[in-house]
Amino acid sequence: MSDEFREKYSDFFETLHPNYWNEKRFVPAVGPEDAKVMMIGEAPGANEVEEGEPFVGRAGERMNDILHDIDVEREEIYITNLVKIRPPDNRDPRSDEIEAWAPLLEQEIENVAPDMIVTLGNFASKHMLDTSKGISKIHGRVFTREGQKIMPVYHPAATLYDRSKGPELEKDLRKAFGKEESGQKKFTDF
């Protein structure tokens, strides 16, 4: 997938400054190009680099559990990151790194043309919405930017450190995928 991804976006990769490239830490996006929902995280972690796919570590497992609980297949979602290279020492991506990779993200959004973009955590949400507001103030609301619907949600990793965010993340993802609970009970619940 890595070579295929780089070939598809070769115009971008030909112009990317070498300071922002590292073959060994590169993780391409995954998912169908006709996905209705695109998820955007901040940058790959160690597990993602090892597997060559975004969101496969503990946070990814948490996200997969929630997707399963709301009856959504991960394979239906286009999953990418602001920055496709894991930052050194697992630090947060710097603004110059985010800006260097921004043209690629814009191309991905244009190609996939999702009905909804779900931004995972502060970095992706602040970048995509061009805001300084933190995720706790904006999660679960649908915003529109240049005609594109965007819903910021807590990063799945946040639910590993603060369990109280788990139900909020699930509620927000239900909303993003149109799987909101009706409040009706199933016959099997009685």
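## The largest pocket

In this predicted model, the lining of the largest pocket draws at least two residues from each of four helices, namely helix H3 (46-51), helix H4 (58-69), H6 and helix H8 (156-161). Of these contributors, H8 provides the largest share of the lining, with four residues.

The volume of the largest pocket comes to about 650 Å³, and 28 residues line this pocket, with Ala43, Ala59, Asn90, His155 and Ala157 lying nearest its centre. By residue class, the lining of the largest pocket is made up of 13 nonpolar, eight polar and seven charged residues.

## The sheet

The model also contains an open sheet of five strands, which follow one another in the order E2-E1-E3-E5-E4 and whose pairing is mixed. At the edges of this sheet stand strand E2 (78-81) and strand E4 (143-145), each of which pairs on one side only. From one strand to the next, the twist averages 30 degrees.

Within the sheet, strand E1 (residues 37-41) and strand E3 (residues 116-120) run parallel and are joined by four bridges. Methionine 38 has isoleucine 117 of E3 standing opposite. In general, the strands of a sheet pair through backbone hydrogen bonds, in either a parallel or an antiparallel manner.

## Helix H6 and its neighbours

Helix H6, which was named above as a contributor to the lining of the largest pocket, also lies across several strands, these being E1, E3, E4 and strand E5 (148-153), and H6 runs at about 135 degrees to E3.

How do helix H5 and helix H6 pack, and at what angle? Helix H5 (residues 95-112) packs against helix H6 (residues 121-129) at an angle of about 75 degrees, and the axes of the two helices are 12 Å apart. Because of this angle, H5 is roughly perpendicular to H6. On the H5 side, the residues that take part in the contact are Ile98, Glu99, Ala102, Leu105 and Ile109, and in H6 they meet Phe123, His127 and Met128. Sorted by class, the residues of the contact of H5 with H6 comprise six nonpolar, one polar and one charged.

Key. Residues numbered from 1 in each chain as written. Predicted model: local features only at pLDDT ≥ 70, side-chain atom pairs only at ≥ 80, totals over all residues. Heavy atoms only, no water. Axes fitted to C-alpha atoms, helices over the stretch in contact; angles between N-to-C directions. Parallel < 35°, antiparallel > 145°, perpendicular 65-115°, else oblique. Contact = heavy atoms within 4.5 Å. Nonpolar A, V, L, I, M, F, W, Y, C, P; charged D, E, K, R; others polar. Pairing = 2+ DSSP bridges. 1 Å grid on protein atoms, 1.4 Å probe; cavity = no way out; pocket = protein on both sides within 12 Å on 5 of 7 lines; lining within 4 Å. Points joined across faces, edges and corners; volume = space filled by probe spheres on them.
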